[in-house]
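Here is a walk through how the chains of this model meet and what sits inside them. Have the structure open while you read.

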Amino acid sequence: MKKILAVALAVVMMFSISVVAFADQTITKDSENQYATADVVTTFDAETDASYTVTVPSSVQIAWGDTSAQDAGYSVESQLPIGASLAVSAAANDSGTMKSSGSDTLTFTVANGAATTFGPVNAAGTEPEENVTVSIASFKGVAVGTYTGTMTYTVVYAAA
Amino acid sequence: MKKVLSVALALTMMLLVCVPAFAATITQDSDKSANVDVVTKTTDKDGNPAASFTVTIPGTVEIPWYGTTGGDYLNWSYTSQLEIGKQLQISLDKTGGALTNGTADSLAYTLSGDAVGTAFETGEEVTEGTVYKQIEVAVSGWDDAAVAAYSDTVTFTVAVVDL
Amino acid sequence: MKKILAVALALVMMLAVCVPAFAFGEDISTNGGQSQTQLQTLTTDEEGNPVAGFTVSIPAAVEIPWGGTSTGDFLNWSYTSKLETGKQLSISVDKTSGNLTNGTDNLPYTLTGDAVGTAFLTGEEVTEGTVSKQIAIAVTGWGDVPVDAYSDTVTFTVDVVDIV
């Protein structure tokens, strides 16, 4: 359905470029033709009618001692003008430093955080081929506690 | 009906535990970046408390008759990775006593070293590897006692306390 | 959750206190607790040699002047011991009397003192230093035989026996 809408929208847009205005038509008993055509046309505002939502985790919780990759993935839903795109990336803040109430620190790293480009239309829940993960390489030598670090997800919209 | 509701509630709670809460979104109308906290837990992936320690003591300390020329020692050790602000406190139940053999004879002994008399506090949450300690055992009265195996028991007590 | 864990921990600790039989040398970990070490002496020294022993000292010869000594003639012997628990020395001589002989004539003699006739039991595992003993030797018949060197042999026997 969305693909059909996109094609129809494209066709209409082509017409909108070549014809400034359609004049009213009248059919009378004297008209050469007893029929006339009226086009149905959609219009849109590229700035206000395009929409997208990139959903990211509210937080990533890591069990103590678990050095495996942790899911920090995001998903994209979008309906943009033809030729527009989204680029989504994720990166660790402060070099991945995680702090606690004590003086020790831990470090986390982000994998698959490089920018991924998405096309104009994406169904809800669309994910990149390799989604973002975070991991802590070692928990050794630090007191057990709640350590917190921050990562930032960034979305860049490119108009058509 | 109540059983059905309780099962449904249990299932819902399980789902709440399993499914992470995706609450942050970036849209065309919002800021184009969002910060997400990466947080460690104090439990391991099986849900067990992660803080741990081990204090290792010998089952028996054998002392040759008349003692060892360089001294006789009770060797013990500890490692720890505790929660922030915690340390180990280790103490012995005596500073000395009498080794006995079930008769009226006995051999007096004294103990000296960390954890004897006053509790030993490690002063840190995390040790760099294993820390080794010694308690000297000084036995006297060898010449006055019949030759036999004399023994006594020393009890170590360990607690986790605040730094 | 924390309150439940605290109660469970308290119960476990109470049970740990109530159980009389502690295992020796068990590591103490996780929730704290107690473990025990046994201090034990060996019956060997640091070179591995057995420590228990004794010494009974007897003279090789007792010289008695002709006619005897006015204050008496004695066979002086002594002992020390450091024995295992429940042990003592049993010392005995092989005769209560006999004859000093030169191969031809005899001088009779009698012995009196500890270890004569009845074995002498020391009664303790450990002596306080050296214990000195005397056996009196009474020789008779000096006027009946020619002057010569008359002799006999007395044998001491030592055993380690139980203290009864």
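## Where chain A meets chain B

A:Ser59 has B:Asp37 as its bridge partner in E2(B). Keep in mind that this is a predicted model. That bridge belongs to a parallel pairing: E2(A) runs alongside strand E2 of chain B, residues 33-40, with 4 bridges between them.

Zoom out and the contact draws on 41 residues of chain A and 32 residues of chain B. On chain A's side, the elements that put in two or more residues are strand E1 (51-56), strand E2 (59-62), strand E7 (105-111) and strand E11 (148-158). E11(A) supplies the largest share, 10 residues. Sort chain A's side by class and you get 22 nonpolar, 18 polar and 1 charged residues.

## Where chain C meets chain B

Chain B also touches chain C: here 29 residues of chain C are in contact with 43 residues of chain B. Two elements of chain C give two or more residues to this side, namely strand E1 (28-29) and strand E2 (33-41). E2(C) gives the most, with 9 residues. The class tally for chain C's side reads 8 nonpolar, 15 polar and 6 charged residues.

Strand E4 of chain B, residues 60-63, lines up with E2(C) in the parallel sense over 4 bridges. If you want a spot to look at, find B:Thr60, whose bridge partner in E2(C) is C:Gln38. As for what holds such pairs, strands of a sheet pair through backbone hydrogen bonds, either parallel or antiparallel.

## Chain B itself

What is chain B built from? Its secondary structure comes to 1 helix and 11 strands.

Of the 163 residues in chain B, 27% are buried. Take the contacts in chain B between residues at least 6 apart in sequence: 71% of those join residues at least 24 apart.

## The nonpolar cores

Which residues touch the most other members of the largest nonpolar core? That core has 67 residues, and the ones to pick out are A:Val54, A:Val88, A:Tyr153, B:Val55 and B:Val137. B:Val137 is a handy one to click on. Beyond its neighbours within four places in sequence, B:Val137 is in contact with B:Val61, B:Ile63, B:Asp72, B:Tyr73, B:Leu74, B:Tyr109 and B:Leu111, plus C:Leu39 from chain C.

## A three-stranded sheet in chain C

Chain C has an open sheet of 3 strands in the order E8-E5-E10, paired antiparallel. The edges are strand E8 (120-121) and strand E10 (156-162), each pairing on one side only. E5(C) is mostly covered, with 5 of its 7 residues buried.

How many bridges tie E5(C) to E10(C)? Strand E5, residues 87-93, pairs with E10(C) over 7 bridges in the antiparallel sense, while E5(C) and E8(C) pair over 2 bridges, also antiparallel. Along E10(C), C:Val161 sits opposite C:Gln88, and C:Val158 sits opposite C:Ile91. C:Ile91 also stands opposite C:Phe120 in E8(C).

Technical notes: Residues numbered from 1 in each chain as written. Chains lettered and ligands numbered in written order. Predicted model: local features only at pLDDT ≥ 70, side-chain atom pairs only at ≥ 80, totals over all residues. Contact = placed C-beta atoms within 7 Å. Nonpolar A, V, L, I, M, F, W, Y, C, P; charged D, E, K, R; others polar. Pairing = 2+ DSSP bridges. Buried ≥ 20, exposed ≤ 12 C-beta atoms within 10 Å, placed from the backbone. Core = buried A, V, L, I, M, F, W, Y, C linked by C-beta atoms within 7 Å.
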